[in-house]
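Please load the model in your viewer and keep the selection panel at hand. The tour begins at a single pair of residues and then widens to the chain.

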Amino acid sequence: MIYKLTYENKEQALADLKAKGILVEVEFNGEKHEAYGNGVAAVVEIGLILLTPPVMEGMEVIEEPIYADGYHYDVMSSELYDFGANLVEPKNPKHAFAGHSITEEFPYEPQFLGDEA
Amino acid sequence: MSLLDTASLIVTPNGYKEGKLYSVIPSDGSGDMSVTRATTATRVNSAGLVELVPYNLLSWSQDFTNGWFAYLGSITATANYGTAPDGTNTSTRILFTSNNQIWAKAISGLTNLNGTFSVWIKGVAGQTIAISYGGTDNVVTLQSGWNRYSVTAVGTIDFIFIDTFGSTATDIEVWGGQVVEGSTAKDYQKTETRLNIPRLDYSNGTCPSLLVEPQRTNQYLKSNDFANWSNNNGTNTITPNYAISPDGIMNASRWVATGTGYRYNLYGLFTLGTTTVSIYAKRNNSGTQKFGFFLNGSGTVDYELNLTNEWQRFTYTFNLTNEYQGLSAEVGADVSIYGYQLEAGSYATSYIPTTSASVTRNADVISKTGISSLIGQTEGTLFVDVYRPNQASPFLFTLANSVGSNSYLNSIYIFQLPNDKMVVDCFVSGVKQFGIETSVGITNGRHKIAVAYKQNDAVVYLDGVLLGTDTSCNIPPFSAFEVNNVDIGSTSNFDINSVALWKTKLDNATLAQLTTI
């Protein structure tokens, strides 16, 4: 399963991922490490998502870019989680896993299907 | 009998299939390694070309019922219907009910609209059937028996079809579908999920090594579509598909600097901190060529590429503080470029193509459980031959009685510490039995390491030299072997030339000989 997640900020995201056992702290070689929990193949820190590009004059930013609300993560795991309202279904995903369709987690109509379908 | 004949397990980058790396010893399958990545990835193939693994973009290439769907009426498809060209019972029968119907499948992962769909088809000789790539049909006339047909096009949609538009056949068998980028069909490559294929990489020479990398994300969108990067100051022109690129396809771009300036793409998402940018580039003429990366909004060449007439991959690591980075040049530069990558981390990893979104390649994990019979229990030897490509690219090999986050509690592991030192540790029920490590960081390049063990007698050799011994240790039970381990936060990045186990503790003279580079 690929989960696309949005949180108010990074701290809230990390707290939830740890609470669900997606990120765990393990000790290895005498040191604490952040690691993936059972069944987790990847946790990707997406961070900020650009909605409106900045207005630039040369390399000078005239108008600041506008970012989507929140701080974003993608999780790939074989486990089932209830993320509640943090789980989102973006219409225009900004991140994909290599070899996976960017829309594979969401129902969609093939683009070549017209009104006849 | 040679030393290798006495090994209980030998794994080399040799035979493989999806999710599996075959062991040389034993040859009955009991030592085959499980390979997990859950994503595709790229490698350098035996021809020295950057290649998607697998290059066949069609999943489940021998099952035309998996992910395929009918459009415009009822179509019946039956998998494993008859004898395929390879003699197996894996052909699929497709029974159309009329003309003007489509049997379709979506294709993901295309980074180049120029692609080729090929498929073996058997039907009534003389009848016609249409095959389509990206919306372009090729109506082919069927020959007697199985024959491979293909269609090459510049696609406009991410779908392939087998359809009956403008054709006469309605009852056919198909097998061995393949979609590749470029105009050459390539040798057929069987696929299933496409996601867990070991990468036999030829970056280090003519012999392959097994590439093991950490999870990384290419955050830069349109990684090989420089003409459509969002911003430039009008001082450069880009010619797409100008030259044969490092992936062997005519998809490298030409950058001609008519003035001094820059081009970059707003990649839409980013995380700040230690970041590495990389690109393949070469010069197109012998004139002045000042060309390179600009960083953190400078717009000028901050890291100049030492260009030659041959393709090279250039990398640069810096502290990313904003989302404005890309390429810059001074007037006169005439350069071919391919495959821009921006990834969090202190070194570059294999190229991850992107189009409209950033893309993540997951970590490579190689493991085998349930092999207590192949691992020496009271005594034994673990040998690894490894290539370390760059600083801060650690490796990890673990003999344990489980895999996962707690596997180290009963284990012997070979690990590269963050300070570049290498350590061999042994734990029994979480109690450290011995720890033997180098006094200084190990160098980049190839290393051969062996740890031989039995109760109160452990020894480690590195590159032909005795590294250390321990005479007061217990040995845990072993049933598993693991390379890399995301469950303990491992970020391994290295190439494996070979791994071997013996169920005896080899003597020091043999260990020295075995580990000599």
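Which residue stands opposite Tyr262(B) in β28(B)? Select Tyr262(B) and look across to β28(B), where Ser328(B) faces it. What you see is a predicted model, in which local features need pLDDT of at least 70, side-chain atom pairs count only at pLDDT 80 or more, and totals for chains, interfaces and linings use all residues. Residues are numbered from 1 along each chain as its sequence is written, chains are lettered from A and ligands numbered from 1 in the order in which they are written, and side-chain values use heavy atoms, without hydrogens and water.

Next, select residues 261–264 and 326–329 of chain B, which are strands β22 and β28, running antiparallel and joined by four bridges; strands are DSSP runs of E with at least two residues, helices runs of H or I with at least four, and two strands pair if DSSP finds at least two bridges between them.

Finally, select the whole of chain B, whose secondary structure comes to one helix and 41 strands, and whose C-alpha trace spans about 80 × 65 × 35 Å along its principal axes. Colouring by burial, you will find that 58% of its 517 residues are buried (under 20% relative accessible area, with a 1.4 Å probe and protein chains only).

Technical notes:
Buried < 20%, exposed > 50% of the residue type's maximum accessible area, 1.4 Å probe, protein only.
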